[in-house]
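Hi everyone, thanks for coming. Let me walk you through a model that may be new to you.

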Amino acid sequence: METPLIEFRDITKRFGTLTVLDKVNLQIYEGQVTTIIGLSGTGKSVLLKHIIGLLKPDEGEILFRGKPLSSMTRTEMMSRFAEMSYMFQDNALFDSMTVYENIALPLVETTNLGRAEIDGRVRARMEQTALLEAADKYPSEISGGMQKRVALARALVTDPKIVLFDEPTTGQDPVRKNIILGMVAEYQRKFGFTAILVSHAIPDVYYISNRILALYGKKIVFQGTPEELDELDHPFKDEVIDSLEGLQEELTGFYSRRQFKVRYGAELKRRNSEGSFAVIYFTLDPIRSALGLAHEAVQVVIRCIGRYIEKHFGIMGGFSTRQDMNHFITLLPYSDLGEAEAILKDFSADFQQHGANDIRSDAASEIPGGECFEVVIRGGIAEGRTGDDISRTVEAASGRSREIARLECGQKA
């Protein structure tokens, strides 16, 4: 069995007479995105600070790659902390420093590298996060999205193996939440670090997480995949998830995956054993942007796709969910393959004709600088029968995916 990168064994933390963590047990694995969820004020950030060493437990043991911290030498402890970086929820950029200086700061303060090597590392990270053109600007002179990228570039400039994110989407609207989470997911794949997030951005954070840890009543009450969380039978699900997860996502109008399953189960109860249904599997191909605004562009396009899906499929009783960041499933509970094909054809023609203008209109307020980008949408259809495993029908629809729309979008210069 794989040894956890980080393990908590019966960790308890008190502040005076207040117990914040009570015999917490958890495992975090290398190379994954692990998200700690729970309501505000329940100890998520306290837990994160134990990982990075800002707090020490009153009871219990923390292990790093199987070795207790209490048995490590000072040199081993320093080596462990050198592998970590921390991205603060408010970015914590210095207003009096340029973008370049903010990113360089960890290397200047914590290493003995020469000026040339620091410059090389900083510019490499700036290029990778599309910030070179902003090098001499101050935080107040750039957008909120760029500020997040500066904070992330600074967190990555020391080549950490572990990056901790403390509520990275706090105070953001639904569009910005997804931009930030998309950015975290992309750079985690690109650089291969282990990401540990504290968040209450449910269900958005599910789309980028390999594992979810649920903190409730001062304990971890669940550890597993987002899919396994759907099956959890615990008050946490009703009291926490239901309070944070709307019936439909604010951003797109799509159901959360859990609510999609509930709706699907309710529809099946109304059907006879001979009924058929159709599944449409949509894919938004990765968007590339010369100005590094792909994250912003993706969210603008997703919001527009959601409106067009609801326009064409909702009127036929269809309902939809996001499978992950760029994949969507629509179920037509009362349609066969032929009818679904006809609706998809209408959707494709409408989106091809009008989608670019709608996206450009949205992008005018979301994407500065006259950015233009290409959008490619693929769709596939499969038919299922009442009683079938819907996951097989979804897989079949995915396997039949083909290009249904290609647009040039964004704000024109």
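Predicted model: local features only at pLDDT ≥ 70, side-chain atom pairs only at ≥ 80, totals over all residues.

Residues are numbered from 1 along each chain as its sequence is written, and side-chain values use heavy atoms, with hydrogens and water left out.

Let's begin with the sheet. It is an open one of 6 strands, in the order E6-E7-E8-E3-E9-E10, with mixed pairing. Strands here are DSSP runs of E, at least two residues long, and helices are runs of H or I, at least four, numbered from the N terminus; two strands pair if DSSP finds at least two bridges between them.

Which strands stand at the edges? They are E6 (84-87) and E10 (219-224), and each has a single partner strand, so one side of each lacks a neighbour in the sheet.

Over 4 bridges, E6 pairs with E7 (residues 162-166) in the parallel sense.

Next, the helix. H5 (residues 144-156) lies across E6 and E7, at about 165° to E6; angles run from 0 to 180 degrees between N-to-C directions, with axes fitted to C-alpha atoms, for helices over the stretch in contact (heavy atoms within 4.5 Å).

Is Ile28 buried or exposed? Its relative accessibility is 0%, so Ile28 counts as buried, meaning under 20% relative accessible area, against over 50% for exposed and partly exposed in between (1.4 Å probe, protein chains only). Leaving aside residues up to four places away in sequence, Ile28 touches several others, among them Pro4, Ile51 and Leu213.
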